[in-house]
Amino acid sequence: VVLCFVIDPALRRRGVARALLTHALASFAARGIRVIDAFPAESADISAAAHFRGPRALYEQLGFSRIAAYGDTVAMRKLLQ
């Protein structure tokens, strides 16, 4: 499970979270991990502090699919090759 991104505000919107997640996914796949879950907020209109789980759009862009929703939290999953 991907739980938390803590990116310095001065470095946000520069691809840091994407690079971290991309590297983590490659590392997981290399170790034989085949399923990764994440739980970002549903709303894109919440504060930056509430995005500690990463923005939903980031997961979507990297191939995660929505599998459920719990209030304002979305359960997303990616199957690794």
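1. Which residue is the bridge partner of S65 in β3? The bridge partner is R77. This pair belongs to the contact between β2 and β3 (residues 73–79), two strands that run antiparallel and are joined by five bridges. Strands here are DSSP runs of E with at least two residues, helices are runs of H or I with at least four residues, and both are numbered from the N terminus.

2. On provenance, the model is predicted: local features need pLDDT of at least 70, side-chain atom pairs count only at pLDDT 80 or more, and totals for chains, interfaces and linings use all residues. Residues are numbered from 1 along each chain as its sequence is written, and side-chain values use heavy atoms, with hydrogens and water left out.

3. Overall architecture. The protein chain contains two helices and three strands, arranged along the sequence as α-β-α-β-β. Its radius of gyration (taken over C-alpha atoms) is 12 Å, close to the 12 Å given for 81 residues by the globule rule (2.2 Å times the number of residues to the power 0.38), so the chain is as compact as a globular protein of that length. The C-alpha trace spans about 35 × 30 × 15 Å along its principal axes.

4. The sheet. Three strands form an open sheet in the order β1-β3-β2, with antiparallel pairing; two strands pair if DSSP finds at least two bridges between them. β1 (35–38) and β2 (65–70) stand at the edges with a single partner strand each, so one side of each has no neighbour in the sheet. Neighbouring strands are turned by 20° against each other on average, direction ignored, with axes fitted to C-alpha atoms.

5. Not counting residues up to four places away in sequence, L25 touches I36, F64, K78 and L80 (contact: heavy atoms within 4.5 Å).

6. A68 lies in β2 and counts as partly exposed because its relative accessibility is 22% (buried is under 20%, exposed over 50%, partly exposed in between; 1.4 Å probe, protein chains only). Beyond four places in sequence, A68 touches T73, V74 and A75.

Key:
Axes fitted to C-alpha atoms, helices over the stretch in contact; angles between N-to-C directions.
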